[in-house]
Amino acid sequence: MTNQEALKRDLLPDNKTREALWKQVTRRLDEALDTLPERSPMPSLDMSSIREHLERYDFSQPRSAEAVLEDVVDFLEQGMVHTQHPRYFGLFNPSPTFPSILADTITAALNPQLAVWTHAPVAVEIERHVVRTLGSWIGWEEDATFGHFTSGGAEANYTATLLALTRAEPAFADKGATSFAGRPFIYASEESHLAWFKIAHQTGIGRQAVRLVPTDGSGRMDADALRLMVDQDRSSGYVPVMVAATAGTTNAGMIDPLQPIREVANDYGLWYHVDAAWGGAVCVSPMHRAMMSGIETSDSITLDAHKWLAVPMGAGVILCRDQEILGKTFGIETSYMPEGVAGLDPYSNSAQWSRRFMGFKLFLSLAVLGRDGYAAMIERSIELAMRLCGLLDQSEWRVVNNPSLATVCFVDQRSGTEPTAVAKHVVEAGEAWISAAHFEDRPVLRACITSHRTTEADLDRLLDALNAARAEI
Ligand SMILES: *Cc1c(COP(=O)(O)O)cnc(C)c1O
């Protein structure tokens with residue numbers, strides 16, 4: 001075989017070889033998914049063994065795909081926290097639905113380019129369809145729902161901030177932050193997701209432009225404190241631009257008072273964003289939609305599909321009600337991009353340029369499970385979280401966040417053990433993954449149940465692990 005022929009065989013193997021490789025991949029992945037509950041959620045390799053293993057990949061010679069696949073799947077399995085584990089009570093990292101895994105495979109193989117409508121019209125329209133549907137579940141008219149998929153919640157929040165700045169001061173797009181009459185400020189609660197600081201840096205308004213509003217003692221923004229802060233800042237010559245409510249805080253799942261914040265936004269002409277990155281998923285469930293009452297009054301919303309909506313990373317969504325502001329913020333014309341369709345070309349309405357078909361995994365998953373299937377998945381999570389609260393209570397662990405979503409924050413009522421020590425003990429025992437966090441400045445243990453693989457028996461095992469940790473510390 002000549003080098004050229006060998007290269008060709010590796011770049012696109014013949015049909016029979018491809019079939020064998022697909023089979024190998026599916027066999028290995030099925031095994032991984034099936035054996036997960038019996039294994040520890042924790043990685044078994046340390047940094048030096050990982051690097052040592054990688055030394056063998058100096059890329060000096062081609063290798064058989066079969067051998068590399070075998071090796072790499074083993075390697076990865078030993079070197080990651082298994083966030084799909086039924087006892088991963090962690091940071092909303094999903095157990096992806098199977099249809100969404102299939103969708104991401106199809107995306108990789110067909111690889112549509114979504115920058116311009118005319119290059120992948122079906123893909124762009126599928127994403128638009130999903131965005132409009134999500135808008136309708138929030139309570140907006142489909143025809144008045146705009147937005148797009150993002151890499152995650154942080155990019156969605158970044159997008160909202162740019163929209164807010166551009167609306168507040170049209171010259172911002174060309175001249176930047178100095179076009180404001182005073183320094184522009186944005187507001188979020190002390191319990192909000194602190195990507196806001198990175199975002200403020202990225203948008204050029206600087207980290208000090210983020211004003212953290214005090215909370216009410218139970219993890220929710222104090223709307224009166226917001227009003228006072230905005231008022232004083234304005235009197236001091238600053239320019240309040242946006243308030244971001246959090247609907248489902250990362251630490252504790254608390255929901256800011258959405259309607260009262262709307263009123264402050266109205267009184268001071270602020271853009272009103274709701275960061276519902278993980279909690280917004282409850283809007284899928286007619287049973288729980290009321291928890292998010294007021295979210296529909298926002299100007300823009302962040303949702304993460306790669307959290308509770310259970311699709312592979314990365315997939316976030318920014319929803320907004322004003323199509324024009326997207327174009328004003330991200331519009332650009334070039335000679336080299338193919339001719340598109342005004343208002344529908346993702347590259348001139350969003351932060352990204354080349355664009356992966358990120359929304360397909362949510363589309364396929366919704367198509368297979370239906371809204372009812374998704375609602376049942378969300379309702380089950382909340383039911384399990386409530387069950388966990390009961391179990392904790394019986395064992396003298398005290399739940400401190402009175403949860404309505406699926407995150408439970410708790411402390412040791414009996415012996416006052418230190419949360420980080422308990423979390424470490426549980427994780428090192430290899431039974432479950434939980435973490436320590438701060439809720440209202442107080443150290444707590446935090447367990448989040450957003451995996452559809454978690455069962456009642458897994459909660460019992462978590463309790464056993466917690467009680468064992470308490471006994472041994
Ligand atoms: C996770 C989260 C984010 C960040 O989303 P990424 O997808 O990690 O970028 C932002 N806000 C809230 C409330 C979150 O829970």
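Which of the 14 residues around the ligand come nearest? They are Gly153, Asp275, Asp304, His306 and Lys307. The structure is a predicted model.

**The ligand and its shell**

- Asp275 uses its side chain instead, with a polar atom 2.6 Å from a nitrogen atom of the ligand.
- Asp304 likewise places a polar side-chain atom 2.6 Å from a ligand atom, in this case an oxygen.
- The ligand taken alone exposes 380 Å², and the protein buries 85% of that area.
- Helix 7, which spans residues 153-168, gives the largest share of the shell around the ligand, namely three residues.
- By class, the shell around the ligand consists of seven polar, four nonpolar and three charged residues.

**The largest pocket**

- The largest pocket holds about 990 Å³ of space.
- Its lining is made up of 28 residues, of which Leu29, Ala32, Leu33, Gln84 and Ile101 are the closest to the centre of the pocket.
- Three helices that each supply at least two residues of this lining are helix 2 (15-35), helix 4 (65-78) and helix 5 (98-110).
- Helix 2 provides the largest share of the pocket lining, with eight residues.

**The largest cavity**

- The structure contains one cavity of 30 Å³ or more.
- The volume of the largest cavity is about 50 Å³.
- Its lining consists of Leu134, Trp137, Ile138, Gly280, Ala281, Cys283, Val284, Leu303 and Leu309.
- Helix 6 (residues 121-138) gives the most to this lining, contributing three residues.
- The lining of the largest cavity includes eight nonpolar residues and one polar residue, but no charged residues.

**Salt bridges**

- Side chains of opposite charge can pair when their charged atoms come close.
- In this structure there are 28 salt bridges.
- One of them joins Arg356 to Asp104, and the closest N and O atoms of this pair are 2.7 Å apart.
- The pair links distant parts of the chain, as the two residues are 252 residues apart.
- Arg356 is in the loop between helix 12 (323-330) and helix 13 (360-394), whereas Asp104 belongs to helix 5.
- Helix 5 also supplies at least two residues of the lining of the largest pocket.

**Two backbone features**

- Most residues other than glycine have a negative phi, and most peptide bonds are trans.
- Where does the chain contain a cis peptide bond? Such a bond joins Met313 and Gly314, with an omega of about -10 degrees.
- Gly314 is placed in the loop between strand 6 (300-304) and strand 7 (316-320).
- Phe59 is not a glycine, yet its phi is positive, at about 60 degrees.
- The loop that holds Phe59 runs between helix 3 (47-55) and helix 4.

Conventions:
Residues numbered from 1 in each chain as written. Predicted model: local features only at pLDDT ≥ 70, side-chain atom pairs only at ≥ 80, totals over all residues. Heavy atoms only, no water. 1 Å grid on protein atoms, 1.4 Å probe; cavity = no way out; pocket = protein on both sides within 12 Å on 5 of 7 lines; lining within 4 Å. Points joined across faces, edges and corners; volume = space filled by probe spheres on them. Helix = DSSP H or I, 4+ residues; strand = E, 2+ residues; numbered from the N terminus. Nonpolar A, V, L, I, M, F, W, Y, C, P; charged D, E, K, R; others polar. Near = heavy atom within 4 Å. Polar contact = N/O pair within 3.5 Å; in protein donor to acceptor, adjacent residues only side chain to side chain. Areas by Shrake-Rupley, 256 points an atom, 1.4 Å probe, with all protein chains shown as cover. Salt bridge = Lys/Arg side-chain N within 4 Å of Asp/Glu carboxyl O.
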